[in-house]
Structure formats: C-alpha cells, structure tokens
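Okay everyone, thanks for coming. I'll keep this short and walk you through one protein, starting with the overall layout.

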Amino acid sequence: MEKQAPNGRTKKGTGGYSNITVKKETAARFRSYSKSFNKSHSKVLDGMIQYFKENNLDPFGDGTKIILDSIKKLERQMMKKFDRLIAIIKNMEKTSIRPTYEMMLILYEAYVKDGKRPKREPVQIQEERMDFLEPRNTVPKVEHDRILQEFGNYKKSCNEMLQNVEKVEPMMGKPYLKINMGIGDFESLKHQLK
C-alpha cells in the first residue's frame, strides 16, 4: 500500500493507516496482548478478525456457547467409544488372551520341570508268524516261493518306511506320527500298492 501525501503524491514502502478510537483500558490490554506474539498491532488484529470469520464466531452472540456445547458433546461421544473399546479389550483378555497365556505357561513349566527333550523313537513292529505261509497242497511250490519272495520284499520296504517314522509330541495338541519320505518314494509306493 502506498500513503498519499497532501500534495497527491504517494510514498513508497509505507502503508495506509487509520485511527480507531477505543477506551484506554482496552488499548492497554490489546497492546500487552499483541506484544506476546511479537507482531504489529495490525497483524494481530487482522489475525483475530480472520479467525472469527473462518470459524463463524460472533464475539457477542452465543457462538462460543455453541462451540463449547459441541466440544462437550464430542467429548462425551469419545468417552463412550473409549469405554466400548476398553470393554472389548477386557473381554478379549478374559476369553482368549489370558487362558492361552496361562495354558502356555503351564506347558512351559512342565517342559522345564521335565528337563528332557522329546526323543525320536522309531516305531517297532512285532515279529509276525510265518506259519500261515507254509506250503499247502493247493499252491504249487514255485508259486509259494514267489509269494514268499514278494512278501519278504514287501516286509523289507515296510521296515524301511517304518525306520523313517518318528513320533512327534507337540507342545499343544495330541502326539502324532510323521513319515520322512520323499515325494518320488511316495508315488512309487502308491504305484506298487495298486
């Protein structure tokens, strides 16, 4: 802005100023208030007016009361939501987190008290009786020997497979058996059993 001199010329770098008449107490309060911002009185006053306009505030109306009421209403709504969240978390803690934690703690204490790691125990099969394969009059000797040979091979492959079986005792759940076998071996076994 440029200030006009009485002769009609303008001075560059100076803004146009105007006087406003206010009470001395109000002027003193405003000066001390604007000093806290380290800004000129004009900038502080402009900032205040802009704030009132942007927020639709009326310094003499009930605008401040409306804002305070809406803030209190928002606060009540947020507190209700927080209460609901707290109730959900407490319910989760009672029904799922706490029992699982306590169960794990009991299992861990039993595991530490035992002091042993579970060992891999191969599954043993009992010796089978061979008397049912003795030659009878109805089967020729060559056929009988071939069946015994096939049975011996089958028994050998079963024993090899059983050597690859290990008993697994998980921390939670029932123990189960695990067969360590390659996919190719598994497919071959399936083909042989068909």
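Predicted model: local features only at pLDDT ≥ 70, side-chain atom pairs only at ≥ 80, totals over all residues.

**Fold, pocket and a surface patch**

So, reading along the sequence, you get the pattern β-β-α-α-α-α-β-β-α. Now, how much of the protein is buried? Of the 194 residues, buried ones make up 6%.

Let's move on to the largest pocket. Its volume comes out at about 840 Å³. There are 20 residues lining this pocket, and the ones closest to its centre are Ile20, Val22, Phe30, His41 and Leu45. Which elements give two or more residues to that lining? Those are helix H1, residues 24–35, and helix H2, residues 41–54. H2 has the largest share, with 7 residues.

Next, the outside. There's a nonpolar patch on the surface, formed by Leu74, Met78, Met79, Phe82, Leu85, Ile86, Ile88, Met92 and Ile97. Together these residues have about 840 Å² of accessible area.

Let me pick out one of them, Phe82, which sits in helix H3, residues 63–114. Why does Phe82 count as partly exposed? Because its relative accessibility is 42%, and partly exposed covers what falls between the buried limit, under 20%, and the exposed one, over 50%.

That's my tour, happy to go back to any part of it.

Methods. Residues numbered from 1 in each chain as written. Heavy atoms only, no water. Patch = residues over 30% accessible without salt bridge, like charges linked within 9 Å, V, L, I, M, F, W, Y side chains within 5 Å. Areas by Shrake-Rupley, 256 points an atom, 1.4 Å probe, with all protein chains shown as cover. Salt bridge = Lys/Arg side-chain N within 4 Å of Asp/Glu carboxyl O. Helix = DSSP H or I, 4+ residues; strand = E, 2+ residues; numbered from the N terminus. Buried < 20%, exposed > 50% of the residue type's maximum accessible area, 1.4 Å probe, protein only. 1 Å grid on protein atoms, 1.4 Å probe; cavity = no way out; pocket = protein on both sides within 12 Å on 5 of 7 lines; lining within 4 Å. Points joined across faces, edges and corners; volume = space filled by probe spheres on them.
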